Every structure is written in C-alpha cells, then in structure tokens.
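Subject: Structure handover

Hello,

Here is the structure I promised to pass on. Please open it alongside this note; my findings follow below.

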Amino acid sequence: MNKFFAVLLVFLAVLGCSKPQENAVKQEQAPKKIEKKEPEVKIFKKTMKVFTIAEEARKQIKIDGKFDESFWKNASKDDDFWISRGTEPSPVKTTVMTARDDKFLYVGFIAKDDDIYAELKNTDDPIYDHDDIVEIYIDPTGRATPYFEMQVSAAGVKFDSRFSGGRRKNRNDSWDSGIIYGVSLDGTLNDPDDTDKGWNAEIAVPLKSIAENPPENGEIWKAFFYRINRHTKLKKSKKGDFSAWTPPFAGDFHNIKHMGDLIFVDEEIR
Ligand SMILES: [Ca+2]
Ligand SMILES: [Ca+2]
Ligand SMILES: [Ca+2]
C-alpha cells in the first residue's frame, strides 16, 4: 500500500462516518408527521354485590318508581356511569341500585334529565331508537346462551328480548320477561319549554324468567346496566347520551364479553 491509498482510505473512513450524522441532523429537522391518536382506553369491568332483602322488610316493597323502601338506602349503588365506548365518565348522571329476595332481582335507576322525552306506547316498540330509556342485560351463565335484554322508557313502556348462541344471535322479541316496573317523573314528559330534573325506574325482574334456580350465595351473573338519554323532537344526541354502568367498549351494547359481575349474597338488608 502506498501513501496515496492510505490517505484515500482515511478520507473514505471520515466520509463514511460523517454521512449518518448529516442524515441524523436532517431527520431531526424534518417536519413531524401528525398522527391521529385514538383516545387511550383502559379496559375495566365493574362488580356489584346484590344483597338480600330481609323477610320482614319485603312487605314494604311497592314497585312505583319511588325508592321510599328502607332497603334501598342500604342497597348496592353505583353512580359512576361511563360513555359506552369507555373513554370517559358520562356527563349525564345516572345511578343504578340492586337488591333481591327469593323471587325477584330489584333494579333501581335514578336518571338526571333536564328534558324527559318518551313517545312510544306499545310493548316491544323500538324504544331504544327513540325514547329516554334504561336497560338491563343479564347473562346468568356467562355463555351468552341465553342472555336477556329488558328496557323501560320514561313513558312506562317496556321492551324485552331473548338472545341465544352468542352476541346478538337469535333475537326473540316475543319473549316476555314478566318484569314488574314503575316509573316516576320529576318533570314533564315531552315538553321542551321547561327544565326537568329527571326520572326513576324501579324494576322487579322475576328470577325464574332468567334462570331455572334462584342464584345461590356467591353466585355470579353477568350483567350490563345502560341508559339512553334522548331529547324532545329527537334533537341530535350529545356526548354521554349512551352511557353504561360498566362500558361495553363499543357503540354496540351487545359487546357482552365486557359485562360486569352481579354477585348475589345472602347478607341481608332491611
Ligand atoms: Ca318503590
Ligand atoms: Ca332526556
Ligand atoms: Ca318482548
């Protein structure tokens, strides 16, 4: 190797080292691509203990949409509803409560609402597309076969349906849950010119409609509780109008793999 080649090699080595640095500088200066970020979603699931109403306290039960019975004070409650996609807590306020006795699962909803709206009148009308409603989904086995959907509107109309074999499969609207329910309003129905406070739904679900045997101490049933808030004359929906006790992480309320747990316990309330 003569002197010329030695110098050439050193020159090439220096060149080789400097190029990546130049590139690095260029990359740093290049304008950053703006990536559209999906909101971060932390998947979670709720659980709720369903206490047993003591025998002597069962006489007071009146399914009227009012929660005057003393056991409701001691029942499990959750007012932390989320928008159904699970990205944030719902700005529309709802509380759900549960209790049981030997024949019924009792579910109470307290729905804050400044514009109570419900027009449909007949059982199994599509109130889910139209009116202010609350919804209960129950999958007693966790296998989605069958699972049940029960809804009540602010006008006191019910929709109930039975599914079997998986998410949305074999829908049967002719199924009758036999729910007993009462609705009470703090406001006026279908009047956009005043400001309402809200409405309640008190729902008794016959255990025998859902499962062959009433749940035993510690038994878990999968469940969703939902609320759809509407506006008079079907004004456009707002954020939080589709809300859930435990989110399905989809616009689809039937995303049953995210159902929460209802844990039935013998512990008594009165
Ligand atoms: Ca009552
Ligand atoms: Ca409403
Ligand atoms: Ca039905």
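First, a definition: a residue is buried if 20 or more other C-beta atoms lie within 10 Å of its own, exposed if 12 or fewer, and partly exposed in between, with C-beta atoms placed from the backbone. A144 is a case in point: it has 19 C-beta neighbours inside 10 Å, so it counts as partly exposed. More on A144 below.

Some housekeeping. This is a predicted model, in which local features need pLDDT of at least 70 and side-chain atom pairs count only at pLDDT 80 or more, while totals for chains, interfaces and linings use all residues. Residues are numbered from 1 along each chain as its sequence is written, and chains are lettered from A and ligands numbered from 1 in the order in which they are written.

Overall picture

The protein chain has three helices and 13 strands. Both are DSSP runs, numbered from the N terminus: helices are H or I with at least four residues, strands are E with at least two. Of the 270 residues in the protein chain, 36% are buried.

Contacts come next. Two residues are in contact if their C-beta atoms, placed from the backbone, lie within 7 Å. Take the contacts between residues at least 6 apart in sequence: 66% of them join residues at least 24 apart.

Confidence

pLDDT is the predictor's confidence in each residue, from 0 to 100. The protein chain averages 90, and 86% of the residues score at least 70. Among the elements, strand β10 (residues 198-206) has the highest mean pLDDT, 99. Helix α1 (residues 3-29) has the lowest, 46. Over residues 7-26 the pLDDT is below 50, and this stretch has zero contacts in the model beyond near neighbours in sequence. Please read that part of the model with this in mind.

Strand β11 and its partners

Which strands pair with β11 (residues 220-228)? Pairing here requires at least two bridges found by DSSP between two strands. The partners include these three:

- β6 (residues 133-139) runs antiparallel to β11 and is joined to it by seven bridges. V134 stands opposite R227.
- β12 (residues 242-244) is also antiparallel to β11, with three bridges. Here R227 stands opposite S243.
- β13 pairs with β11 in the antiparallel sense over four bridges. K222 stands opposite D261, and I220 has I263 as its bridge partner.

F224 sits in β11. It is buried, with 25 other C-beta atoms within 10 Å. Leaving aside neighbours within four places in sequence, F224 is in contact with Y137, A244, W245, T246, P248, F253, M259 and G260. E149 is 75 residues away from F224 along the chain, yet their C-alpha atoms are separated by 9.2 Å.

Strand β13 on its other pairing

β13 (residues 260-269) also pairs with β1 (residues 47-53). These two run parallel and share six bridges. T52 in this pairing stands opposite E268.

R100 is buried, with 24 other C-beta atoms within 10 Å. Not counting residues up to four places away in sequence, R100 touches V50, T52, I53, L105, Y106 and F264. R100 and R58 are 42 residues apart in sequence and 9.8 Å apart in space, C-alpha to C-alpha.

Backbone points to check

Most residues other than glycine have a negative phi, and most peptide bonds are trans.

- A144 has a positive phi of about 60° and is not a glycine. It lies in the loop between β6 and β7 (147-153).
- The peptide bond from T145 to P146 is cis, with omega near 0°. P146 lies in the loop between β6 and β7.
- R168, also not a glycine, has a positive phi of about 65°. It lies in the loop between β8 (158-163) and β9 (180-186). R168 is partly exposed, with 14 other C-beta atoms within 10 Å.

Best wishes
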